[in-house]
Amino acid sequence: MSAIYAQLRADIVTAMKARNQATTTALRTADAAIKRAAMDTNQEIDDALTITVLRKAVKNLTDAREEFAKGGRADLVAANDAEIILLAKYLPQSLSPDQLAAVVSEAIQTAGATTKKETGKVMAVLKQRPDAGTIDFGAASKLIQAKLA
């Protein structure tokens with residue numbers, strides 16, 4: 001079992017004992033999403049699966065937060081911010097902008113890409129890296145687009 005997932009499960013119990021309803025609900029929702037992803041892909045719960053599901057949850061919460069902000073719902077924005085912070089502590093530290101730029105440059109050279117049409121090749125090279133879990137692929141895509149003519 002994933003160490004990250006084991007920590008999440010332990011934190012659910014802690015939140016339940018502390019009667020922290022918001023934390024319990026957020027962590028149980030993440031737990032259910034991880035279990036669902038494991039069932040859907042027919043694989044064991046490992047760190048890679050856990051991180052993938054948690055990143056997706058954080059992205060969805062961030063997108064929803066923006067919509068709530070546009071709608072003037074400060075209460076929901078605050079709730080989403082709290083949940084994002086809660087889930088982000090289970091994710092590995094992302095690469096710094098300088099590190100990301102270096103990794104992207106290396107991937108462009110490895111893929112031999114020269115035009116924006118070859119962005120997919122570069123992304124494929126990035127996804128094969130052992131540290132792919134720490135790469136923000138949205139930011140990487142923007143860097144690739146900027147570097148390729």
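1. Residues 24 or more positions apart account for 56% of the contacts in the protein with a separation of 6 or more. Contact here means heavy atoms within 4.5 Å. The model is predicted: local features need pLDDT of at least 70, side-chain atom pairs count only at pLDDT 80 or more, and totals for chains, interfaces and linings use all residues. Numbering runs from 1 along each chain as its sequence is written, and side-chain values use heavy atoms, with hydrogens and water left out.

2. Overall make-up. The protein has 7 helices and 0 strands. Its pattern along the sequence is α-α-α-α-α-α-α. Helices (H or I, at least four residues) and strands (E, at least two) are DSSP runs, numbered from the N terminus. The C-alpha atoms fill a box of roughly 55 × 40 × 25 Å along the principal axes. Of the 149 residues, 32% count as buried. Buried means under 20% relative accessible area, exposed over 50%, and partly exposed in between (1.4 Å probe, protein chains only).

3. Helix α2. This helix has 21 residues and reaches 30 Å from first C-alpha to last, close to the 30 Å expected at 1.5 Å a residue. The expected span is 1.5 Å times one less than the number of residues. Its buried residues are T23, T24, A26, L27, A30, D31, I34, A37 and A38. What covers them includes α1 (3-17), α3 and α4 (74-88).

4. α2 against α3. The axes of α2 (residues 21-41) and α3 (residues 47-70) come within 9 Å and cross at roughly 120°. Axes are lines fitted to C-alpha atoms, for helices over the stretch in contact, and angles run from 0 to 180 degrees between N-to-C directions. α2 and α3 are therefore oblique to each other. Angles under 35 degrees count as roughly parallel, over 145 as roughly antiparallel, 65 to 115 as roughly perpendicular, and the rest as oblique. The crossing of α2 and α3 is right-handed. A crossing is right-handed if the near helix is turned clockwise from the far one by less than a right angle, and left-handed if anticlockwise.

5. Residues at that crossing. From α2 come A30, A33, I34, A37, A38 and T41; from α3 come L49, T50, V53 and L54. By class, the contact of α2 with α3 has 8 nonpolar, 2 polar and no charged residues. Ala, Val, Leu, Ile, Met, Phe, Trp, Tyr, Cys and Pro count as nonpolar, Asp, Glu, Lys and Arg as charged, and the others, Gly among them, as polar.

6. α6 against α7. The axes of α6 (residues 119-127) and α7 (residues 137-147) come within 10 Å and cross at roughly 140°. That makes α6 oblique to α7. Their crossing is right-handed. T119, V122, M123, L126 and K127 of α6 meet F137, A140, S141, I144 and Q145 of α7. This contact has 6 nonpolar, 3 polar and 1 charged residues.

7. L100. This residue is found in helix α5 (residues 97-111). At 6% relative accessibility, L100 counts as buried. Leaving aside neighbours within four places in sequence, L100 is in contact with L95, I135, D136, A139, A140 and L143. The C-alpha atoms of L100 and F137 are separated by 9.6 Å, and the two residues lie 37 apart along the chain.

8. Positive phi in loops. R19 is in the loop between α1 and α2. Its phi is near 55°, a positive value in a residue other than glycine. R19 counts as exposed at 75% relative accessibility. N42 lies in the loop between α2 and α3, just after α2. N42 is not a glycine either, yet has a positive phi of about 55°. N42 is exposed, with a relative accessible area of 72%.
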